[in-house]
Amino acid sequence: MIDKIKAKNLSAQLLYVGTGNPPTTHPHSAISNAFPGLEMDFRNAWRRILKGLQLHESSNLVVAVDDDADPRLRMLSSGWRLVMIEDTRLMVPVKGPLIVGGPIVDLPDNGFQDPLMPLEWSNALASILSEHAGRTVRCKFENVLDKTLAPVEFDIELRPFFAISTVNGETLKQPVISRDLAPPGELTQSLCSPWQSDYRECACFYWAATRPDYVNVETGPEGESTGHNWMQKDRTPETPKLYLPDDWMDPELVTYLELYRQWEKSLRFVIDGKDEDPVTPPGR
Amino acid sequence: MVEITELRILPAFVIARLGSSPDPMDNYRLEIPSAVAARRIVCAETLIVIEDTGEVYPKPLPFHVKFRDAGGNIRPVSPFLEVWALLAGSDELVPLSADLLKEANATPADVRWSVHVGNIKAFRRTGDKGDQILAAVGPFSDHDPKPLLGTASNFLPNKSIPFGSVRYIKPNPQFPQIRMRFTPAAGKVYGPPLGNGQHDGNLADEVYDTTKGHWKGYKDPADATDPVLTLRKTTNPGSVYAGTDLPDGAHRESWGYLDDECDGIVDVELRIKDRSLRAYSRIAAGPPTFAPDSMPVRTVHDELEQAMFGPDLKTEVTPQEIEEVMQIVRRALETVRLMNTGQLNKFSKERGVGMARMDFLDVNRAPAPIVDPAVADSQAIRARHERVLLALESGSLAWFARVLRDYDQVGDLSDDGRKKMPALMRGADSRHLALTRRQVSKVRSAAEFILRTTVKNGEAR
């Protein structure tokens with residue numbers, strides 16, 4: 001048991017798990033490549049990083065301006081997006097081939113025909129936050145509804161990401177995400193509703209710790225892998241090792257309704273890549 | 001007499017995990033038996049809460065770690081939050097305990113807790129404040145369980161969604177520390193009545209009033225028939241709620257389903273004479289980790305660490321950071337071990353594959369698998385990761401460092417760009433995943449350090 005931690009040792013405080021707490025209570029057990037996420041959609045932690053503005057959790061659009069914000073910012077909720085803070089660009093081009101083996105060209109998205117994509121906040125703002133947290137930064141916006149409008153710039157306070165305290169007369173970060181950045185409910189607001197849908201809805205087979213994909217894997221006769229889809233209902237040691245690709249219409253896979261009604265029975269824990277015993281044997 | 005000058009709640013962010021068992025999950029630790037073997041789940045110090053008194057006692061060791069109770073129900077993961085204190089003249093935080101309070105001329109009854117949590121998933125879509133489901137308890141100083149009952153203006157009379165409960169643990173001589181426990185909900189689905197007098201069998205309770213709110217029947221903006229600004233404001237991915245896909249092929253009509261996940265803030269206040277000391281932490285409740293011996297490759301802790309310390313290592317890599325790099329590679333191995341990489345590498349216009357399909361659907365990228373299918377099989381990918389981990393202290397990490405995707409290269413969908421690592425996974429910006437810049441910085445610094453020291457020792461070939 002740890003009985004003291006230096007007040008300035010924020011690394012130790014971030015890593016602290018607590019007496020009696022399993023490892024899965026700690027943020028190092030929660031995925032952050034949130035699209036939209038499982039335990040939370042961490043993208044929401046950045047929405048209010050610019051004082052007075054509410055940004056879209058997954059793009060750079062200003063979705064709202066706070067009632068108590070500088071009145072000059074109010075215009076930004078009518079289709080303006082944040083494209084630059086100081087000298088840091090927040091969008092990058094999407095490029096690749098349109099045909100196999102073809103030249104590399106701009107690849108505009110199918111929704112808005114935009115050849116630029118916004119970077120996720122966490123990486124895009126890492127340097128800015130490190131250098132300017134708590135200070136005013138120069139922000140450049142452009143309008144997505146009317147491209148003829150000239151870009152606009154405002155000086156806006158970049159909120160500190162963490163709570164601040166004063167220790168022995170010295171101002172220090174605390175290890176807790178600032179209260180100003182996310183009111184209750186906001187870190188989970190863009191997740192699936194209900195959350196069970198995510199296990200059927202998303203092609204998020206890479207959140208393996210929380211949502212395994214390929215289980216009971218063995219090496220086949222040609223050296224290739226064989227195994228089961230974790231969502232496959234019939235998974236006994238005798239079940240042939242044939243991976244069923246994800247298809248929500250396939251009755252061999254756990255359905256939406258089964259997740260809503262009996263997810264605890266339908267989803268099985270996987271230890272060392274192998275299924276736990278079924279909670280209710282198939283067919284009963 | 002001691003003077004307490006500051007409080008903190010540690011951990012500053014805890015994740016509870018849903019489950020319907022009345023018996024919360026025991027504690028365990030994850031041991032690494034050998035370089036590439038799965039982590040071993042080993043029982044660890046577990047605190048059992050005495051229902052009648054709110055005190056805790058230790059569960060006798062050893063015990064078999066079980067994720068379900070005897071009835072097959074999943075045991076909820078119910079974290080404790082501890083209060084730590086800084087004393088005048090000290091630069092160290094120590095656990096706040098009943099003994100320490102006494103020395104500070106206070107008692108555990110002078111500690112007051114307040115908890116505010118919410119589930120605003122429906123509000124995020126509809127924009128109707130009546131769809132915000134919020135629960136608040138406190139301030140309180142007693143040791144009874146405090147249910148977190150989520151209510152909303154758009155609920156039927158006297159209806160709520162239980163988000164779990166919190167409890168101020170009563171200090172005793174064996175466990176005098178000041179702590180709270182957050183027990184999450186069971187993981188149930190809630191919603192509106194069907195409206196035809198029949199019960200919706202998917203629901204634990206019918207709570208939503210469709211005469212007040214419009215979550216049932218709501219449709220995410222999804223195509224050019226919707227106003228551009230509302231389309232841009234919708235979640236990404238969109239239409240991720242229970243509902244019926246409409247014949248137009250774009251929209252989904254919501255069934256009005258809600259759940260009992262939540263996140264929020266725990267406040268603690270200590271009043272001593274005329275002074276008030278405060279601290280807060282964050283809590284969230286999500287699904288269980290169904291492969292509890294594995295860890296994700298990029299985590300919320302990685303985000304917090306980057307936000308705290310910046311994207312770059314400012315000094316030469318330390319032994320602790322080299323160990324962290326090993327953990328990153330291990331987490332990558334644990335991820336690919338449970339992914340059918342051969343399948344996810346394929347291109348198809350139909351579901352059941354991965355990023356190659358998304359690149360085509362999102363931006364018309366040429367239809368092609370990500371890597372050569374001959375090397376994409378799970379066993380081959382797993383073996384490659386194992387080799388990196390086994391030979392981390394030779395040159396293999398340098399290769400790993402070279403092939404990592406930079407955060408600003410996520411838009412590079414060339415053949416080479418898509419093969420960067422982590423491969424076959426989606427990032428928070430919807431394109432191929434990049435690690436945090438700090439993670440990449442650690443890996444590259446460690447690779448350079450290992451290469452330099454190996455050359456220095458004359459071991460390089």
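## A first look at chains A and B

Strand β2 (residues 13–17) of chain B pairs with strand β21 (residues 275–286) of chain B in the parallel sense over 5 bridges; strands pair if DSSP finds at least two bridges between them. Welcome to a predicted model, in which local features need pLDDT of at least 70, side-chain atom pairs count only at pLDDT 80 or more, and totals for chains, interfaces and linings use all residues. Residues are numbered from 1 along each chain as its sequence is written, while chains are lettered from A and ligands numbered from 1 in the order in which they are written.

**Confidence**
- The model scores ipTM 0.96 and pTM 0.97.
- Chain B has a mean pLDDT of 95, with 98% of its residues at 70 or more; pLDDT is the predictor's confidence in each residue, from 0 to 100.

**Chain A as a whole**
- Chain A holds 5 helices and 17 strands, which are DSSP runs numbered from the N terminus (helices: H or I, at least four residues; strands: E, at least two).
- The radius of gyration of chain A is 24 Å, well over the 19 Å that the globule rule gives for 284 residues, so chain A is more spread out than a compact globule. This radius is taken over C-alpha atoms, and the rule is 2.2 Å times the number of residues to the power 0.38.
- Buried residues make up 49% of the 284 residues in chain A; a residue is buried if 20 or more other C-beta atoms, placed from the backbone, lie within 10 Å of its own.

**Where the chains meet**
- In all, 128 residues of chain A are in contact with 133 residues of chain B, contact being C-beta atoms, placed from the backbone, within 7 Å.
- Helix α5 (residues 256–266) of chain A gives the most to the side of chain A that touches chain B, with 6 residues.
- Strand β1 (residues 5–6) of chain A and strand β8 (residues 92–95) of chain B run antiparallel, joined by 2 bridges, and A:I5 stands opposite B:L93.

**Inside chain B**
- In β2(B), 5 of 5 residues are buried: B:F13, B:I15 and B:R17 lie on one side, B:V14 and B:A16 on the other.
- In a regular strand the side chains alternate between the two faces of the sheet.
- Away from its neighbours within four places in sequence, B:I9 is in contact with residues including B:L81, B:V266 and B:Y280.

Key
Contact = placed C-beta atoms within 7 Å. Buried ≥ 20, exposed ≤ 12 C-beta atoms within 10 Å, placed from the backbone.
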